[in-house]
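I opened my notebook to look up a protein model, starting with the overall fold and ending at one residue.

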Amino acid sequence: MTDGRDRRPFVIGITGNIGTGKSTVAHMLADLGAEVIDADKVAHRVMEPGSETYARVVEAFGPRIVGGGEIDRQELGAIVFSDPDALALLEEIVHPATLERIERRIASADADAVVIEAIKLIESGLADACDTVWVVTCRRDQQIERVVAQRDLSREEAALRVEAQGPQVAKIAHADVVIDNSGSRAVTRQQVQAAWDRVMAAAGRSRRAAWN
């Protein structure tokens, strides 16, 4: 029998609209032994000064998005979340480099399971690298409240970001697992544990951990 490190890890894709709690679910999976790749953080790294992606983004959106030598993500967000064409252009520039870096992370992972957390998991094609796709959902009012709390935005700005994305049902249509994160943390955790047990058993991987 080959050691687990000699084979590709089982890849769980986590997605859901802004404010639904993707990171909460990803952290729970990390507690169960998965290695988590945050696609948003990877995208941030590929836009670091000196990179080809940085140069292309600044060329596309102008010097106003640069602050202290780095791309001001809040300024960039204000542009793209109010203009679907601008958002599509940003994704066209950033996604290829992000996908390449994530593929390298998967190939070098030591864990039996890798989680890719990405708001555009399906739209970007990242879902093709996943063995299972999980969609995290909650109520719209909860999304707005969470975005306000997490990103220090006004309710109007938060609502704009929520509305800039497609309906949650569009993502749910592609889901193998749906995690309803509208209840308590304990209820979400129960759903995550049950789904983890199912997919890891089906994949023939041993569970690394379980909550008491």
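**Overall fold**

I counted 9 helices and 7 strands in the protein; helices (H or I, at least four residues) and strands (E, at least two) are DSSP runs, numbered from the N terminus. The radius of gyration, taken over C-alpha atoms, is 18 Å, close to the 17 Å that the globule rule gives for 212 residues, so the protein is as compact as a globular protein of that length. That rule is 2.2 Å times the number of residues to the power 0.38.

I noted that this is a predicted model, where local features need pLDDT of at least 70, side-chain atom pairs count only at pLDDT 80 or more, and totals for chains, interfaces and linings use all residues. Residues are numbered from 1 along each chain as its sequence is written, and side-chain values use heavy atoms, with hydrogens and water left out.

Next I looked up the C-alpha trace, which spans about 55 × 40 × 30 Å along the principal axes. Of the 212 residues, 45% count as buried (under 20% relative accessible area, with a 1.4 Å probe and protein chains only).

**Arginine 161**

Then I picked arginine 161, which sits in helix α7 (residues 155-163). Is arginine 161 buried or exposed? I found that arginine 161 is buried yet has no salt bridge (a side-chain nitrogen of Lys or Arg within 4 Å of a carboxyl oxygen of Asp or Glu). Glutamate 157 is the nearest side chain of opposite charge, 6.9 Å away; Lys and Arg count as positive, Asp and Glu as negative, and His and the chain ends are not counted.

Leaving out residues up to four places away in sequence, I listed what arginine 161 touches: Ile18, Gln74, Gly77, Ala78, Phe81, Arg151 and Leu153. Contact here means heavy atoms within 4.5 Å.

Methods. Buried < 20%, exposed > 50% of the residue type's maximum accessible area, 1.4 Å probe, protein only.
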